[in-house]
Amino acid sequence: MADYDYDVLVIGAGPGGYVAAIRAAQLGLKTACAEGRETLGGTCLNVGCIPSKAMLHASEYFEAAAGGSMAKMGIKVKPELDLPTMHGQRIDAVKGLTGGIEFLFKKNKVDWLKGYAQFTSKDSVEVAGKAYRAKNIIIATGSSVTPLPGVAVDNDKQIIVDSTGALELAKVPGHMVVIGGGVIGLELGSVWRRLGAKVTCVEFLDQILPGMDGDVRKEANKIFKKQGIEFKLKTKVTKAEVKGKKAVLTLEPAAGGGAETLEADVVLVSIGRRPNTDGLGLDKAGLAVNQRGQIETDHDFATQVPGIWAIGDVIPGPMLAHKAEDEGIACAENIAGLTGIVNHDVIPSVVYTWPEIAGVGLTEEQAKEKGEVKVGKFPMLANSRAKTNHEPDGFVKVIADAKTDRVLGVWCIASVAGTMIAQAAQAMEFGATSEDIAYTCHAHPTHSEAIKEAAMAVTGKPIHV
């Protein structure tokens, strides 16, 4: 048998894959990463997390000027939307960051194998017609948009689009219909609403943001309605047809009933994502997927086949870039003989709307299923920094075990909730009690004081409400 070409070969250069490759190389392992895109960074960096944040940020500036909030602070401007320039700053952000990863590959001596990898055996893959053999192979191929039966996506026509197409719209739609009330749909829908579109969100369930805390879901619904997003809950889309330059959707009640039609200039299909496992030749490696198309692994991210590992969206758990990154580091460390661990009970999630929505740990509903809890809430309206910034919407909620006071979950809606939640995650990682947070000095005036006050509210002793 020929010698191995690499100690570690990573399939996929998304947040999990490129991080795993860099960490493996840092640990002295000869490493390669196979990626078929023309740029590194995967979905997140190229057409997901990063470009969407560029559009979210820019649209927030536009709305602040156009909606009058700047005028209320004595800044009088009349904005003019230059959409090509807005798209240009998005493209520049992506270009800079993808180039940065390529630089990091060179710096750490990671070989980029350009092309899509396919297994030929349990320790060999083929990339662009060339065979490579590795002691360890990490599958980090990510996920792609889940299709909706009866709705054909065609991003080039810019009428029925997925999340990638929604980033590239050449003009602001008069009416956008978002199918799915999850994170991606709400983020991208909010971008185009701020820029002038009427937005209608159609959700099969009885509430938006499935999987999040119940109070957060209800409050978010109220806030988005106030901002002008219309919701059609407990409703399913059975068909979507393109007629001229419009789309006509057929809607039915989720529980069954009479159909209605809805016309839109743009339809965004955003009902979730599915693992990218097709075309990998997993059978030739002796691997199979579960009923959800995922690759099962053990606590160390090893599959049932020795030498093959998997991380990120292709394995069970939330499909989040930061989860994949942490798994990539842990997996590389396990391969190198170290102890790589990811605490999947403390994975924060964020919705980058305005205000932001973030949570970590258990929801109140989940916590109550496990035992008795104490809950503390504090409104952002009573937070001095939120008040001076004219950001009254939202709250912080701390859920603690009634007997031990250990923090089980933290949920918040605030302009900087995504940044605030890091404190909660770190506290939970260290096994903090609500008292630990309550008696930690927080700088004033900051939004994060609301976390301290919510922790104080667990024992019924907040100061500012």
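Helices (H or I, at least four residues) and strands (E, at least two) are DSSP runs, numbered from the N terminus. The structure described here is a predicted model, in which local features need pLDDT of at least 70 and side-chain atom pairs count only at pLDDT 80 or more, while totals for chains, interfaces and linings use all residues. Residues are numbered from 1 along each chain as its sequence is written, and side-chain values use heavy atoms, with hydrogens and water left out.

An open sheet is formed by five strands in the order 18-19-22-21-20, and the pairing is antiparallel; two strands pair if DSSP finds at least two bridges between them. Strand 18 and strand 20 (373-379) are the edge strands, each pairing on one side only. On average, neighbouring strands of this sheet are turned by 10 degrees against each other, direction ignored. Axes are lines fitted to C-alpha atoms, for helices over the stretch in contact, and angles run from 0 to 180 degrees between N-to-C directions. Strand 21 and strand 22 run antiparallel and are joined by five bridges. Lys-397 stands opposite Trp-411 in strand 22.

Helix 8 (residues 214-227) packs on the sheet, where it touches strand 19, strand 20, strand 21 and strand 22; contact means heavy atoms within 4.5 Å. The direction of helix 8 makes about 5 degrees with that of strand 22. At the start of helix 8, a side-chain oxygen of Asp-213 comes to within 3.0 Å of the backbone nitrogen of Asp-215. The buried residues of helix 8 include Val-216, Ala-220, Ile-223 and Phe-224, where buried means under 20% relative accessible area, exposed over 50% and partly exposed in between (1.4 Å probe, protein chains only). Among the elements against which the buried residues of helix 8 pack are helix 7 (183-194), strand 11 (230-232) and helix 10 (364-370). Gly-228, which follows helix 8, has a positive phi near 110 degrees.

Helix 12 (residues 417-429) lies across strand 18, strand 19, strand 21 and strand 22, and runs at about 10 degrees to strand 19. The buried residues of helix 12 are Ala-417, Met-420, Ile-421, Ala-424, Ala-425, Ala-427 and Met-428. They cover an arc of only 160 degrees around the axis, which puts them on the same side of helix 12; the arc is that of the directions from the helix axis to the C-beta atoms. An α-helix has 3.6 residues a turn, so residues three or four places apart point the same way. The exposed residues Thr-419 and Gln-426 are carried by the face of helix 12 turned away from its buried side. Besides strands, the buried residues of helix 12 pack against helix 13 (434-438) and helix 14 (449-458). Just after helix 12, Gly-431 takes a positive phi of about 70 degrees.

Ser-415 lies in the loop between strand 22 and helix 12 and is buried, with a relative accessible area of 8%. The side chain of Ser-415 makes polar contacts with the side chains of Glu-391, at 2.7 Å, and His-447, at 3.3 Å. A polar contact is a pair of N or O atoms within 3.5 Å; within protein, one must be able to donate a hydrogen and the other to accept it, and residues adjacent in sequence count only if both atoms are side-chain atoms. Leaving aside neighbours within four places in sequence, the residues in contact with Ser-415 also include Trp-354, Pro-355 and Glu-356.
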